[in-house]
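Please keep the model in view while I write down what I looked up.

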Amino acid sequence: MNERPVVILTAMDLEYRAVRKHLAGLRTHHHRAGTLFEVGHLTDGDCQVVLGLVGKGNPPAAVLAERAISEFDPLALLFVGVAGALWPQVGLGDVVVATHVYAYHGGTSEDDGFKARPRVWEISHEAAQVAHHLDRSGAWTRRLPDGEPLRLSWRP
């Protein structure tokens with residue numbers, strides 16, 4: 001088992017429970033700021049997982065993601081959700097890999113109006129390579145029920 005865990009964050013209890021049912025040996029981890037994480041491992045024992053509920057919205061997700069990163073130094077951090085606000089062709093159970101993350105809401109207010117200051121972060125080369133490999137091999141579907149018509153989608 002890798003010593004560094006994978007952190008999985010969800011916005012809703014529905015998503016949290018869907019991930020939690022694949023974990024065993026769960027114990028509660030109390031962060032000093034009050035956040036409760038559950039730490040366990042995949043049921044087949046090959047990966048330690050930290051599970052956290054961030055709630056709705058970008059600001060709480062950003063704060064709790066940073067909190068999880070500094071607390072656990074994870075190998076990877078995943079956000080698991082239903083992606084309901086994305087495109088109609090993205091179905092429940094599909095995996096969406098973001099190649100870029102945009103902070104479009106940043107800016108400053110001036111006398112003559114709002115001045116946008118968007119920022120963007122790109123996915124690392126290694127993460128993109130792993131995601132493409134998993135998409136090609138189909139190995140990411142091994143824990144899914146048979147016959148599920150799932151896709152791995154790329155979104156800039």
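**Salt bridges**

I searched the whole structure for salt bridges and found 4, a salt bridge being a side-chain nitrogen of Lys or Arg within 4 Å of a carboxyl oxygen of Asp or Glu. Before going on, I noted that this is a predicted model, in which local features need pLDDT of at least 70, side-chain atom pairs count only at pLDDT 80 or more, and totals for chains, interfaces and linings use all residues. Residues are numbered from 1 along each chain as its sequence is written, and side-chain values use heavy atoms, with hydrogens and water left out.

I looked at Asp73 and Arg4, whose side chains meet in a salt bridge at 3.6 Å, N to O. Asp73 sits in the loop between H2 and S5 and Arg4 in the segment before S1, so this pair ties together parts that are 69 residues apart in sequence. For the names, I used DSSP runs numbered from the N terminus: helices are H or I with at least four residues, strands are E with at least two.

My cut-offs were under 20% relative accessible area for buried, over 50% for exposed and partly exposed in between, with a 1.4 Å probe and protein chains only. I also saw that Asp73 has a positive phi of about 45° although it is not a glycine.

Next I checked Glu71 and Arg32, which form a salt bridge at 3.3 Å, N to O. Glu71 is in helix H2 and Arg32 in the loop between S2 and S3, 39 residues apart, and the pair links distant parts of the chain. Glu71 counts as partly exposed at 26%, whereas Arg32 counts as exposed at 73%.

I then turned to Lys115 and Asp112, whose closest N and O atoms in their salt bridge are 2.8 Å apart. Lys115 is partly exposed at 34%, and Asp112 is exposed at 61%.

**The whole chain**

I counted 3 helices and 11 strands in the protein chain. Read from the N terminus, the elements run β-α-β-β-β-α-β-β-β-β-β-β-α-β. The protein chain has 156 residues, and 28% of them are buried.

**The open sheet**

In which order do the 5 strands of the open sheet lie? I read the order as S2-S3-S4-S1-S5, with mixed pairing; two strands pair if DSSP finds at least two bridges between them. Strand S2 (23–30) and strand S5 (76–80) are the edge strands, each pairing on one side only. From one strand to the next, the twist averages 25°. For angles I used lines fitted to C-alpha atoms, for helices over the stretch in contact, and angles run from 0 to 180 degrees between N-to-C directions.

I followed S2 into strand S3 (residues 36–42): the two run antiparallel and are joined by 6 bridges. Ala24 stands opposite His41 in S3, and His29 stands opposite Phe37 in S3. Helix H1 (residues 13–20) packs on the sheet, touching strand S1 (6–10), S2, S3, strand S4 (48–53) and S5, and its direction makes about 165° with that of S4. The hairpin of S2 and S3 has 5 residues between the strands, and Gly34 there takes a positive phi near 105°.

S3 also runs antiparallel to S4, with 5 bridges joining them. Phe37 turns up again here, opposite Gly52 in S4. The S3 and S4 hairpin has 5 residues between its strands, and Gly45 in the turn has a positive phi of about 80°.

**Buried parts**

I found S3 mostly covered, with 5 of its 7 residues buried. Val39 touches Gly25, Leu26, Arg27, His29, Gln48, Val49, Val50 and Phe72, leaving aside residues up to four places away in sequence; contact here means heavy atoms within 4.5 Å.

Which residues make up the largest nonpolar core? There are 11 in all, including Val7, Leu9, Phe37, Val39, Val50 and Phe72. I took such a core as a set of buried Ala, Val, Leu, Ile, Met, Phe, Trp, Tyr and Cys residues joined through side-chain atoms within 4.5 Å. S1, S3 and helix H2 (58–72) are the elements giving two or more residues to this core, and H2 gives the most, with 5 residues. Apart from this core lies another, of 9 residues, among them Tyr16, Leu23, Cys47 and Leu51.
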